[in-house]
Amino acid sequence: RCGAGGGSPVPAADALPPQVLVDDTEDVSLDFGSEEELALRKARIRHPLATFFHLFFRVSAIITYLFCDWFSNSFVACFVTILLLLSFDFWSVKNVTGRLLVGLRWWNQIDEDGKSHWVFEAKRVPTIAASTEAEARIFWLGLIICPVIWTVFLFSTLFSLKLKWLALVIAGISLQTANLYGYIHCKLGGQTSISRVTSRFLVTADAPKRQARRISEDRIEEHGKTTTR
Amino acid sequence: FAGLADVSISEDIPVEGEITVPVGSHSPDEDYSTLDEPVRDTILRDLKAVGKKFVHVMYPKKSSTLLRDWDLWGPLVLCVSLALMLQGGSADSKDDGGPQFAEVFVIIWFGAVVITLNSKLLGGTISFFQSLCVLGYCILPLTVAMLVCRLVLLAGSGTVSFIIRLIVVAAMFGWSTLASTAFLADSQPPNRKALVVYPISLFYFVISWMILTFTPQ
């Protein structure tokens, strides 16, 4: 392959990272299967129903909370609806979408002698129907953004003194944060602690930005060279 | 691999990959890997577990297998139905029954959490969520009592109906307390059983009181 971006006529030797052969994060397995397997491998979202339901319950709970006055006058109906949506969301994210979209699962197990321990399971061998990068990104974004939104609701409830919603907001925060914590634990595999990973993430978060800036500056430089010729 | 000895990667090509570390070296794949089961199996399995627990509350026999897979769906359903039935019952409710509904929720869940903390502080061996599960499921007799009370109140609200309601609520209160202590008191050393049974009976007494003093508008 030459001319990675298709734009600059003279790519410099070290300006752009070469387009590597693997352009998404799946393992490359060299069996040339049937047509549907190839189509499945190329699809950006392999579990459309799971992706839809992952976001559906969370987003509907938030929308119902924001616009409950338009739907119904009754506090009880809104409360019960939002609580049921939050519970379905918790169950489906914990049991279904986590294992379909990112191959992770966590649960609590109680031994013979009554001691409880938490099990965090991660899928080791990706299969044909394994998740794609788009699905994983949707999963983690949905998992992280919604508890933040419910925390904002908590503060707005406290400061506007609409305390009858407080129980619901606290329930929402605890259910969604529990899922977030469980999946982060699964992802880390119990090897490093969560605080160490977040500090490493924050320190190296601006490294890609620096590299991107360097690349765009090189491109502008070359373009300037060719037009003045 | 002798020919690869002098292959080198230049500095600015990012080398990345993904290493998945197996979690917990002791889990064999056949028993623990529920990662690949179809969704319908998951739903049915959980529904069956909830149903089995309801049956166990009606006939409380001590079985350790019941306690082992806990879930909070049953308590949620019972709590919501009890709160819905208890709604609109006080004389001075001028708005849409908002605070009373949330009150019932808070009383039930906060009360259950406090009892669980109490039993753990007394040195119980049962885990936090197991205890919440048992306390929540044992609200079932009181929910049945609430249903019966509402039906009796449809017929009339005189002295006779009050006596009927009193008997029904007292019987269900006794059933709830017995069912929950059958599961919970065993996890305590024998000289502490009364210290654990007392908060549980107080908890169910408060709920029975709310049910008995319910008068519809």
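Modeller: Let's start with A:Asp89 and A:Arg58, whose side chains meet in a salt bridge with an N to O distance of 2.8 Å. A:Asp89 belongs to helix α4 (residues 75-102) of chain A and A:Arg58 to helix α2 of chain A, so this pair ties together parts that are 31 residues apart in sequence. Both A:Asp89 and A:Arg58 are buried. Bear in mind that this is a predicted model.

Over all chains the count comes to 3 salt bridges. Another one in chain A joins the side chains of A:Glu133 and A:Arg137, again listed at 2.8 Å, N to O. Here both partners lie in helix α5 (residues 133-160) of chain A, 4 residues apart, which is about one turn of the helix. As for cover, A:Glu133 is partly exposed, with a relative accessible area of 33%, and A:Arg137 also counts as partly exposed, at 47% relative accessibility.

Over in chain B, the side chains of B:Asp71 and B:Lys53 meet in a salt bridge at 3.0 Å, N to O. B:Asp71 sits in the loop between α3 (64-68) and α4 (73-85) of chain B, while B:Lys53 is in helix α2 (residues 39-58) of chain B, so the pair ties together parts that are 18 residues apart in sequence. B:Asp71 and B:Lys53 are both buried.

A:Leu55, A:Val59, A:Ile63, A:Leu66, A:Phe67, A:Trp70 and A:Phe71 form a nonpolar patch on the surface, with about 710 Å² of accessible area together. The elements giving two or more residues to that patch are α2 (48-66) and α3 (68-71) of chain A, and α2(A) supplies the largest share, 4 residues. A:Trp70, placed in helix α3 of chain A, counts as exposed at 70% relative accessibility.

B:Thr181 is found in helix α8 (residues 159-184) of chain B and counts as buried, at 16% relative accessibility. Its side chain reaches the backbone oxygen of B:Thr177 at 2.9 Å, and a polar atom of the B:Thr181 side chain lies 3.1 Å from the backbone oxygen of B:Leu178. Leaving aside neighbours within four places in sequence, B:Thr181 is in contact with B:Asp186 and B:Val197.

Note on methods
Residues numbered from 1 in each chain as written. Chains lettered and ligands numbered in written order. Predicted model: local features only at pLDDT ≥ 70, side-chain atom pairs only at ≥ 80, totals over all residues. Heavy atoms only, no water. Buried < 20%, exposed > 50% of the residue type's maximum accessible area, 1.4 Å probe, protein only. Polar contact = N/O pair within 3.5 Å; in protein donor to acceptor, adjacent residues only side chain to side chain. Contact = heavy atoms within 4.5 Å. Patch = residues over 30% accessible without salt bridge, like charges linked within 9 Å, V, L, I, M, F, W, Y side chains within 5 Å. Areas by Shrake-Rupley, 256 points an atom, 1.4 Å probe, with all protein chains shown as cover. Salt bridge = Lys/Arg side-chain N within 4 Å of Asp/Glu carboxyl O.
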